Amino acid sequence: MTAPLVVVGDVLLDIDIVGGSSRLCPDAPVPVVEQAEERARPGGAGLAALLAAAAGREVVLVTALADDEPGRRLRAMLEEHVEVAAFHLHGGTPRKMRIRSGGQSIARLDTGEGRALDGPVGPRVADAVSGAGAVLVSDYGRGVPRHRAVRSLLEALPPRVPVVWDPHPRGEAPVPGVRLLTPNSEEAARLAAADGADITGAGLSAVGRRGRHLGRAWGVEGVAVTLGSEGALLCDGSRTPFLAPARPARGDACGAGDSFAAGAVGALADGASLAAAVTEGVHRASEFVRAGAATAVAARLADHGTPRLVPERGEDAWDVVERTRRAGGTVVATGGCFDLLHAGHVSMLHQARRLGDCLVVCVNSDASVRRRKGPSRPVTPAADRVRVLEALSDVDAAVVFEDDTPAPLLERLRPDVWVKGADYAGTTLPEAGTVRAHGGEVVLLPLLEGRSTTRLLSTTKGDAP
């Protein structure tokens with residue numbers, strides 16, 4: 001796509017107040033947040049635009065901004081990364097402030113009731129929309145997608161320009177010709193009910209019926225209902241919907257919907273099918289959550305860096321550890337070959353994850369396995385072993401190491417707890433000194449009797465007694 005991707009919608013100023021809390025206030029039963037740090041970021045359509053730009057695209061944000069301190073702050077943050085084409089927002093800039101401790105929000109304060117009212121938008125806005133290669137409408141119910149001039153510009157787009165519409169229950173129905181609507185399951189239920197559909201239930205069947213109803217009622221080509229950790233269900237007019245599953249990802253999911261929509265519109269801009277676009281959107285949202293979600297956006301913007309909001313390949317483990325430590329959590333790690341994943345592995349990983357707030361698995365490389373197990377091993381290459389491990393809900397990340405022991409990797413990882421199986425009882429672990437040197441502890445966990453990769457392989461060959 002040579003023409004820019006244009007994001008149209010309502011922008012908010014999101015602020016996280018992040019600190020630690022270990023006591024209650026003496027005059028009220030509320031936590032005291034100490035050493036609090038303020039982290040600000042654009043929210044709503046502003047976050048969606050940043051996420052699209054982080055993928056290396058030329059992005060223009062069409063929005064309404066107020067001439068107040070929060071509005072000027074938003075404009076300054078946005079213009080470092082995207083082109084901003086803004087018209088006047090009537091009233092104060094919407095601002096959401098979350099107070100967070102231990103990785104959890106404990107309160108939220110909302111101020112600013114600004115709205116985009118009908119009126120002139122200026123030639124810059126008109127040129128941006130009419131020159132778009134693809135459009136993402138990010139509706140947060142503040143009036144930008146409802147603005148008459150903006151809607152007229154969207155309605156005049158040629159069919160070759162894909163439009164993705166991320167709706168809001170207090171927002172506006174999409175313009176004709178939208179390729180993809182992206183409500184979450186709660187929004188889909190509220191929107192369908194508001195349109196007169198009496199669809200009860202909470203399972204996939206009900207979600208699919210709501211998606212098909214919205215597609216018919218609003219004349220959109222496809223409706224992708226996002227389902228959080230379960231992925232997204234695409235209803236595109238056929239009788240059988242398409243489910244794009246999500247990779248397991250723990251942590252704050254704030255902004256995941258914006259990440260999904262930005263990924264989907266980018267894929268459509270590159271010529272992808274609806275199913276491929278929804279799959280890409282789910283992938284982007286999962287990786288966004290794994291990388292720390294909107295909290296990580298604020299931290300990177302505070303450091304005046306480029307908002308690299310999707311972790312690069314091979315860096316997932318470090319992002320997980322950084323996020324856990326920033327929230328004051330406990331980092332647990334374990335290691336091994338994991339050549340053929342069996343019930344013994346699953347049991348140990350489940351027990352290990354319960355010891356802390358994240359679990360990182362250190363995986364022997366193929367060469368390392370051959371040195372330990374012989375030339376016939378591994379049966380499964382490292383990339384596949386990592387993929388299988390990261391599909392487990394108890395595993396937050398997996399990282400491959402080339403050495404004979406994980407000690408050099410643990411020197412960098414510095415886990416609070418290093419876990420091994422009870423079969424190592426009475427032996428000296430070469431990596432134990434590295435773990436303890438950095439204040440960590442080594443723990444042995446019980447194993448399931450009779451489960452091992454070597455035993456499984458010998459049984460397959462018919463050599464077992």
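What does the accessible surface of the chain come to, and what percentage of it belongs to carbon and sulfur atoms? The surface comes to about 20800 Å², and 51% of it belongs to carbon and sulfur atoms. Please keep in mind throughout that this is a predicted model.

**The whole chain**

Begin with everything selected: the chain holds 16 helices and 18 strands, and of its 465 residues, 51% are buried. Of the contacts between residues at least 6 apart in sequence, 68% join residues at least 24 apart.

**The four-stranded sheet**

Next select β3, β2, β6 and β7, which in that order form an open sheet with mixed pairing. Its edge strands, each pairing on one side only, are β3 (34-44) and β7 (104-111), and from one strand to the next the twist averages 20°. Within this sheet, look at β2 (residues 11-20) and β6 (residues 95-101), which run parallel and are joined by seven bridges; to find one of these pairings, select Asp 14, whose bridge partner in β6 is Lys 96.

Helix α1 touches β2 and β3, and its direction makes about 85° with that of β3, while helix α2 touches β2, β3 and β6, with its direction at about 90° to that of β2.

**Helix α1 and its end**

The buried residues include Leu 47, Leu 50 and Leu 51. Moving past the helix, select Gly 56, which follows α1 and has a positive phi, near 90°.

Select Glu 69, which is found in helix α2 (residues 69-79). Why does Glu 69 count as partly exposed? Its relative accessibility is 42%, and the partly exposed class lies between the buried limit of under 20% and the exposed limit of over 50%. From Glu 69, draw a distance to Gly 92: these residues are 23 apart along the chain, and their C-alpha atoms are separated by 9.3 Å.

Then go to Pro 123, found in helix α3 (residues 123-130). Pro 123 is exposed, because its relative accessible area is 64%. Its C-alpha lies 9.3 Å from that of Ala 85, although 38 residues separate Pro 123 and Ala 85 in sequence.

**The crossing of α7 and α8**

Select residues 256-269 for α7 and 274-290 for α8, whose axes come within 7 Å and cross at roughly 140°. The crossing is right-handed. If you show side chains, the contact includes Phe 260, Ala 264 and Leu 268 from α7, and Val 278, Arg 284 and Phe 288 from α8. By class, the residues of this contact divide into twelve nonpolar, three polar and two charged.

**The five-stranded sheet**

Finish with the open sheet of five strands, ordered β16-β15-β14-β17-β18, in which the pairing is parallel. Which strands are at its edges? They are β16 (397-401) and β18 (441-445), each of which pairs on one side only. Neighbouring strands here are turned by 30° against each other on average, direction ignored.

Key:
Residues numbered from 1 in each chain as written. Predicted model: local features only at pLDDT ≥ 70, side-chain atom pairs only at ≥ 80, totals over all residues. Heavy atoms only, no water. Axes fitted to C-alpha atoms, helices over the stretch in contact; angles between N-to-C directions. Helix = DSSP H or I, 4+ residues; strand = E, 2+ residues; numbered from the N terminus. Left-handed = near helix turned anticlockwise from the far one by under 90°. Contact = heavy atoms within 4.5 Å. Nonpolar A, V, L, I, M, F, W, Y, C, P; charged D, E, K, R; others polar. Buried < 20%, exposed > 50% of the residue type's maximum accessible area, 1.4 Å probe, protein only. Pairing = 2+ DSSP bridges. Areas by Shrake-Rupley, 256 points an atom, 1.4 Å probe, with all protein chains shown as cover.
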